[in-house]
Amino acid sequence: MTIREELLAFRQRVDGCHVVAFADLSTGMVLASSTSEKVTQEKLDALCAAGFDALVGPKAICIVQHVGTSANTGPKVAAVATDAGIECFVRTCHPAQEALCFRVSEQVDIAALIKEASLLLEHLAGDG
């Protein structure tokens, strides 16, 4: 199964998941994606940039400073409420920079999404 097929299958299993993107946060590139409706590359790039900010960028650094952990143990998961729904991000363990970035509806069980997304990400990053 290709990465795109894996993302499609994941998105179809999670009711209310509108966008899922597999991204390389170190380059800011969306490597593959699956969407329930047409989404421009600019919007996918913006979702990836938000993931970078929340997981390894300025927001992540702020969290690390307030919690008192090292950068190597920074956030592996983040969620942000937006007008378009909830943006959720899950990344691999440091130093790897792969992440799954989601846009989901407010009704999605975020804990279940994160658990399943972590397993998918481990599989995708391990196969790469």
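Predicted model: local features only at pLDDT ≥ 70, side-chain atom pairs only at ≥ 80, totals over all residues.
The largest nonpolar core has 20 residues, and Leu7, Phe10, Leu100, Phe102, Val104 and Leu113 have the most contacts inside it. Two or more residues come from each of α1 (3-13), β1 (17-24), β4 (85-91), β5 (98-104) and α4 (110-127). The element that gives the most is α4, with six residues. Leaving aside neighbours within four places in sequence, Leu7 is in contact with Val20, Phe22, Ala32, Ser33, Ser34, Leu100, Leu120 and Leu124. Another core, of 15 residues, lies apart from the largest one; Ala78, Phe89, Ala99 and Cys101 are among its residues.

Helix α2 covers residues 41-55, and its 15 residues should span 21 Å at 1.5 Å a residue; the end C-alpha atoms are 21 Å apart, which agrees. Its buried residues are Leu44, Leu47, Cys48, Gly51, Ala54 and Leu55. Seen down the axis of α2, these buried residues fall within an arc of 125°, so they line one face of the helix.

Side chains of opposite charge can pair when their charged atoms come close. The structure holds two salt bridges, listed here.

| Salt bridge | Closest N and O atoms |
|---|---|
| Arg13 with Glu116 | 2.7 Å |
| Arg103 with Glu87 | 2.8 Å |

Arg13 lies in helix α1 and Glu116 in helix α4, so this pair ties together parts that are 103 residues apart in sequence. Arg13 is exposed, with a relative accessible area of 51%, whereas Glu116 is partly exposed, at 29%. Arg103 lies in strand β5 and Glu87 in strand β4, so this pair ties together parts 16 residues apart in sequence. Arg103 is buried, with a relative accessible area of 16%, and Glu87 is buried, at 10%.

Terms used. Residues numbered from 1 in each chain as written. Heavy atoms only, no water. Core = buried A, V, L, I, M, F, W, Y, C linked by side-chain atoms within 4.5 Å. Buried < 20%, exposed > 50% of the residue type's maximum accessible area, 1.4 Å probe, protein only. Helix = DSSP H or I, 4+ residues; strand = E, 2+ residues; numbered from the N terminus. Contact = heavy atoms within 4.5 Å. Expected span 1.5 Å × (residues − 1). Arc of directions from axis to C-beta. Salt bridge = Lys/Arg side-chain N within 4 Å of Asp/Glu carboxyl O.
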